[in-house]
Structure formats: C-alpha cells, structure tokens
Amino acid sequence: MVRNAYYTIPNNKETIMGINMELMRKKLAALRGEGKSDRASVWFKPDEGDTDVRIVPSADGDPLKEIFFHYNIEGHRGGVMCPKRNFGEECPICDFASKLWRDGTDNNDEETKKLAKSLFVRTRYFSPVVVRGLESEGVKVYGYGKTAYELLLGYILDPEYGDITDPEGGTDITITYTKPTRPGAYPQTNMKMRRNTSSLLEDKDAIPGLLQNMPDIDALFTRHTSAEVGAILDSMLSGDSSAESRSRETTQYSNNQKSSVDKAFDELMAG
C-alpha cells in the first residue's frame with residue numbers, strides 16, 4: 001500500500017483520498033474566526049482608510065435594502081429578523097418589549113425601560129457593491145447604518161449624479177472608515193462621490209455575468225415564523241420559571257460582558 005495521501009482498497013482497487021489536512025486547518029480557522037468561510041466571503045467590510053466601491057443595480061430597482069432585526073437575543077448574535085416589520089406578521093419580541101416598556105414607565109423603573117430599548121426593533125441597510133481592486137471577487141454585500149443610508153439617499157436623489165448604479169455610466173463612492181478610538185465608541189463611516197462616471201467593469205461584456213451572480217441579500221438571513229420567534233424568546237427567558245422574575249433575569253443577561261465574537265460582529269455591522 002502506498003503511504004501518502006492516496007490509498008488503494010485491495011478488494012475493488014478503488015483509489016480514495018486521505019484527509020486533506022490543509023482543508024481541515026482552514027475549517028478550524030473559520031471556526032475560530034481566524035478566516036473567512038464561504039458564507040462570510042459575500043460580505044464587504046471596509047478596511048480603515050479609503051475604499052472605492054460601486055453600488056450595482058438590483059433586479060427590483062432598490063439597491064438600498066432595509067431589514068429589521070431584534071438584537072441582544074441570546075444565541076442569535078446576528079440578530080433575529082422581526083416578522084412584524086419585515087413581513088407584517090405577529091412578533092412576540094415586539095410585544096414583549098412593548099410590555100416591558102409600559103411596565104418600566106408605569107413603575108418608573110429605568111432598568112426595565114433600558115432592557116425594553118435593547119429589544120426594540122432596529123433597522124440595518126444592505127447594498128450590493130463591487131469593491132474596486134477586487135472586481136474578480138464579484139458582487140459583495142455591504143451592511144451599514146442610518147447615517148450612511150441617509151448619505152446614500154441624498155446622493156441618489158441628487159440630479160447632479162443621475163443613476164449612480166448605472167453599469168456603464170455610474171459613479172463610484174469613496175468610503176472612509178475610521179475605527180473607534182476609545183472603549184464603547186463606534187466606528188465612523190463617511191462617504192463621498194467620485195467626480196467622474198465610469199463603467200462597472202473595464203470589460204463591458206463581462207458585466208451581465210457579474211450581475212447575474214449577485215448574492216440574494218434576503219437569502220443571507222433566516223426568516224423565522226412568529227411561533228419560532230416566540231420559542232426563541234421563551235428560550236432566552238427560561239433561565240427562571242417564575243414569570244415575575246423574567247425581567248430581572250433578562251436584565252442580568254443584557255448586562256453581561258460581550259464575547260470577543262459578539263464584539264467582532266458588532267464592529268462588522270456598525271456603519
């Protein structure tokens with residue numbers, strides 16, 4: 001028997017491959033957050049400094065996607081999609097947060113109100129982009145916050161720029177990303193339109209193929225039914241079976257220090 005990565009099975013002479021150690025190391029690195037998995041590779045997170053990107057046109061004509069999430073949910077560091085705001089369905093987390101807020105207001109309980117606020121629905125915005133210098137990696141998804149969203153809306157509605165997503169005559173955007181300089185601060189993101197229009201790709205014949213392979217932003221997030229969201233909330237609150245102590249238990253959870261993984265995700269999603 002040959003003693004390398006390939007082995008021959010005596011009975012049927014089939015050749016099979018041994019364990020790919022390099023692949024196993026990549027899997028371990030991805031598990032530890034030291035590398036990018038295939039799923040993570042669709043995301044664009046700007047490096048500190050300036051990065052040029054082009055927002056690309058979407059099939060529905062809306063390249064600025066709004067998606068509503070509940071954060072601070074144990075076991076769901078990326079947030080839970082709100083069934084009410086996204087799909088018009090009942091949302092147990094919205095109902096629970098509203099009841100907490102009323103209870104805190106009626107009893108002048110600031111801690112309960114603080115907890116309610118942490119569970120209120122929040123909006124994140126997502127756009128398909130091509131990163132200049134990385135065009136060969138295809139279209140990526142850029143997630144950002146309200147400030148960047150307002151800037152982009154202003155540029156899009158400014159007649160001076162026209163259709164900034166036009167594949168042949170659109171306009172690139174320079175994103176200036178600054179990391180936080182003190183504990184508890186958020187990264188800062190500024191945007192500025194480039195002066196000249198340009199083609200999405202130098203090879204214009206390659207543009208249709210690029211757009212056809214655009215990630216489906218909606219498919220990047222898990223849609224839960226109202227019943228499933230209720231089960232997620234119940235699981236978070238199940239540390240104490242007493243209904244009266246649920247608020248206290250959840251407050252204790254919300255005050256726990258975030259893990260390094262949670263902090264990394266927060267930094268990714270801040271914008």
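Contact here means heavy atoms within 4.5 Å. The structure on display is a predicted model.

**First stop: D172.** Select D172, which lies in strand β9, residues 170–178. With a relative accessibility of 9%, D172 counts as buried. Next, display its surroundings: leaving aside residues up to four places away in sequence, D172 touches V53, R54, R132, K192, M193, R194 and S198.

**Second stop: the cysteines.** Select C91 and C94. The sulfur of C91 has its closest cysteine sulfur in C94, 3.6 Å away, which is too far for a bond, because a disulfide requires the two sulfur atoms to be within 2.5 Å. The structure as a whole holds zero disulfides. Both residues can also be inspected for burial: C91 is buried at a relative accessible area of 1%, and C94 counts as buried at 14%.

Select residues 92–106 for α3 and residues 226–237 for α7. The axes of the two helices are 8 Å apart and form an angle of about 50 degrees, so α3 and α7 are oblique to each other. To view the contact itself, show P92, I93 and F96 on the α3 side, together with S226, V229, G230, L233 and L237 on the α7 side. Colouring these residues by class gives six nonpolar, two polar and no charged.

Notes: Residues numbered from 1 in each chain as written. Predicted model: local features only at pLDDT ≥ 70, side-chain atom pairs only at ≥ 80, totals over all residues. Heavy atoms only, no water. Buried < 20%, exposed > 50% of the residue type's maximum accessible area, 1.4 Å probe, protein only. Axes fitted to C-alpha atoms, helices over the stretch in contact; angles between N-to-C directions. Helix = DSSP H or I, 4+ residues; strand = E, 2+ residues; numbered from the N terminus. Parallel < 35°, antiparallel > 145°, perpendicular 65-115°, else oblique. Nonpolar A, V, L, I, M, F, W, Y, C, P; charged D, E, K, R; others polar.
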